[in-house]
Amino acid sequence: MERRVIEHGKRTGFASLSRGGLNFDSFPMRLFTKGNGRQWNPADIDFGQDARDFAAMTDDERWWTLSLAAQFMAGEESVTQDLQPFVAAMAAEGRLADEMYLTQFVFEEAKHTEGFRRWFDAIGMTDDLHSYIEQNDAYMEIFTKQLPDSLYALAGDPSPRNQIRASITYNHIVEGTLALTGYFAWAKVCTSRGILPGMQQLIKHIGDDERRHMAWGTFTCRRHVAADDAMWEVVDERMQELLVPAMGVVTGTFEQYDGDNPPFDVDMNEMAEYAMDKVGRRLGAIESARGADLRTIDADASPETLEERFHAEDQAELAMAG
């Protein structure tokens, strides 16, 4: 029987028409199905109380809040724009399930951008906000150079090496180190003070989306490491390249703050330790795929289990803070 090819530019058939159809038990399809069942609309979030809470803040508290929110909103916009080459890379590899799930990635990142913009509009901050990010050199390095360069490298060469470099940059540094640490800080601020209920709801939705994103990133690195042990060195290399600027993003806001102590009792060392703990445990999950049977990776749900464990730990800590 003729072999059907679904890779981009070589198509002679269709995966959905082939014997067995789509494998709904594969990890990417499970993530895709779960995402379809958890749709939310940023326009439905009421930021009215957030506007009142923001108006009641001190000047220092407002500066801190705006700095964090501006960094996150620009980051969400960045990944919305830069993700398309990863979708094409999955098409070039003939991985339809991953391609389908990455289309959901882009959609969700766009919603995150919308959600933050609606929050800024609701609190009355409609002037130019670039001053809140441009003084953070590490932030600009990650989001204007490292992220787009690593993602768009896939357009010319969607090799396993470039896929790993892109995934480490996006899933494990931008999301797993920077965004997740920032959302953890937001949640601690909001929960401990009982403020910004709209932001709390927004973060809850985003966190649910991004746990699936990070799980896919870990899965993608695991399957390449299982297929070729040399890819573990690529994982480690890219992480080492980005850890210093990533930590610079985390500490940059503290360094720019002019006051004696940061508002809301947010602690720089706690944030850095939180980020490094999560990175280290995800790297352990990737390294555990060395020498694994590649046939088992596609249905292995351990990356999602790890993200859910992180979430449970965070919820327990936030409950104590509250």
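Trainee: So which element gives the largest share of the lining of the largest pocket?
Mentor: That's α9, with seven residues in the lining. Keep in mind that this is a predicted model.
Trainee: Okay. How many residues line the largest pocket, and which lie nearest its centre?
Mentor: There are 20 lining residues, and Ile203, Lys204, Arg211, His311 and Gln315 lie nearest the centre. The elements that give two or more residues to this lining are α8 (160-193), α9 (197-227) and α13 (302-321).
Trainee: And how much space lies in there?
Mentor: About 520 Å³ for the largest pocket.
Trainee: Let's switch to the second largest pocket. How much space lies there?
Mentor: About 380 Å³. The second largest pocket has 17 residues in its lining, with Met73, Ala74, Glu77, His130 and Ile133 nearest its centre.
Trainee: Which elements give two or more residues to that one?
Mentor: For the second largest pocket, look at α3 (59-82), α6 (131-134) and α7 (137-156).
Trainee: And which of them has the largest share?
Mentor: α3 does, giving seven residues to the lining of the second largest pocket.
Trainee: Last one: how does that lining split by class?
Mentor: The second largest pocket is lined by eight nonpolar, four polar and five charged residues.

How values were computed
Residues are numbered from 1 along each chain as its sequence is written. This is a predicted model: local features need pLDDT of at least 70, side-chain atom pairs count only at pLDDT 80 or more; totals for chains, interfaces and linings use all residues. Side-chain values use heavy atoms; hydrogens and water are left out. On a 1 Å grid over the protein atoms alone, a cavity is a set of points where a 1.4 Å probe fits but cannot get out, and a pocket is an open set with protein on both sides within 12 Å along at least five of seven lines; lining residues have an atom within 4 Å of a point. Grid points are joined across faces, edges and corners, and a volume is the space filled by probe spheres set on the points. Helices (H or I, at least four residues) and strands (E, at least two) are DSSP runs, numbered from the N terminus. Ala, Val, Leu, Ile, Met, Phe, Trp, Tyr, Cys and Pro count as nonpolar, Asp, Glu, Lys and Arg as charged, and the others, Gly among them, as polar.
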